[in-house]
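Have a look at the sequence and the model before reading on.

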Protein chains: 2
Amino acid sequence: MQEKYERQMKKGVLDMLVLQLLTEGRKYGYQLIAELREKSEEIFSLKEGTLYPILYRLEDEGLVESRWSEPENRQIPRKYYLMTDKGRHTLKEMYRSWRQIADGVESLMGRQ
Amino acid sequence: MQEKYERQMKKGVLDMLVLQLLTEGRKYGYQLIAELREKSEEIFSLKEGTLYPILYRLEDEGLVESRWSEPENRQIPRKYYLMTDKGRHTLKEMYRSWRQIADGVESLMGRQ
DNA sequence: ATATATACTTAGTAATACTAAGTATATAAA
DNA sequence: TTTATATACTTAGTATTACTAAGTATATAT
């Protein structure tokens, strides 16, 4: 039941978190899911059906670029995503928005 | 442009903020819009078309109840909303979820 | 008498994340 | 060898949500 609210609250920050992970360097989808889950201590556990549409959207908007890995040592082909300058710039704006909103929420919710 | 992301981030916390305002006592729609705008320093400026559907939803879920004011001193009829026990309980869960998510975001975003 | 502020309602739209499936490859187990 | 599992990406369909943009109605100020 409160699941529903939790999901809604997570919406909107996912794009920002994915971008943030990509500031560390190029990464592929599955890796992003794993790192997001680990670094958030299981709070953000995305399914593929959630992450990939996000990546496609970020790519459409020019915030990331993708490149298929040259099939080196017979591994499963991977599509690597990397930040663009626009992505870096937008990420800063996203975080500024997030801070504003989070501060607004905290001041309204007070000390619970 | 970053407008879009800001909007998405605000989604999901609106129900919680409306409920929080109602912990102070019964309030009507227009009043909630004004208080939310003031107390959040303009960050959360809802239009009627945004707030009322939220109130209807909260009512459907049994988190608030509504009562039309008895038309006392010839004022415009007002529909007052008040918290239910279920609303108070759910609000606590919502805030717990919010804290988890906000902490997760901060730890991932690091010190910007 | 008219304009403005208050107050609530509703239809239609866009955006987002989810569920649930599918395809394909590499590696481990049987 | 065959099967199962983990990796990796894709897509269709659905539900939820907030928004825009109207509309209705009343009280008060001009």
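Of the 30 residues around DNA strand D, the ones that come nearest are Tyr28(A), Gly29(A), Gly49(A), Gly49(B) and Thr50(B); a residue is near a strand if its C-beta atom, placed from the backbone, lies within 6 Å of it. Keep in mind that this is a predicted model, where local features need pLDDT of at least 70, side-chain atom pairs count only at pLDDT 80 or more, and totals for chains, interfaces and linings use all residues. Residues are numbered from 1 along each chain as its sequence is written, while chains are lettered from A and ligands numbered from 1 in the order in which they are written.

Both chains have a hand in the surface near DNA strand D: H1 (2-10), H3 (29-39) and H4 of chain A, plus H1, H2 and H4 (48-60) of chain B, each supply at least two residues. H4(B) brings the largest share, six residues. Helices (H or I, at least four residues) and strands (E, at least two) are DSSP runs, numbered from the N terminus.

Now for where the chains meet. On chain B, 30 residues are in contact with 30 residues of chain A, contact being C-beta atoms, placed from the backbone, within 7 Å. Helices H1 (2-10), H2 (14-22) and H5 (85-109) of chain B each give two or more residues to that side, and H5(B) gives the most, with 13 residues.

How are the two copies related? A rotation of 180° with 0.0 Å of shift along its axis superposes chain B on chain A, with an RMSD of 0.0 Å, so they're related as by a two-fold rotation axis.

Finally, chain A has an open sheet of three strands, ordered E1-E3-E2 with antiparallel pairing; strands pair if DSSP finds at least two bridges between them. The edges are E1 (27-28) and E2 (64-68) of chain A.

Key: Contact = placed C-beta atoms within 7 Å. Least-squares fit on C-alpha atoms with pLDDT ≥ 70 in both.
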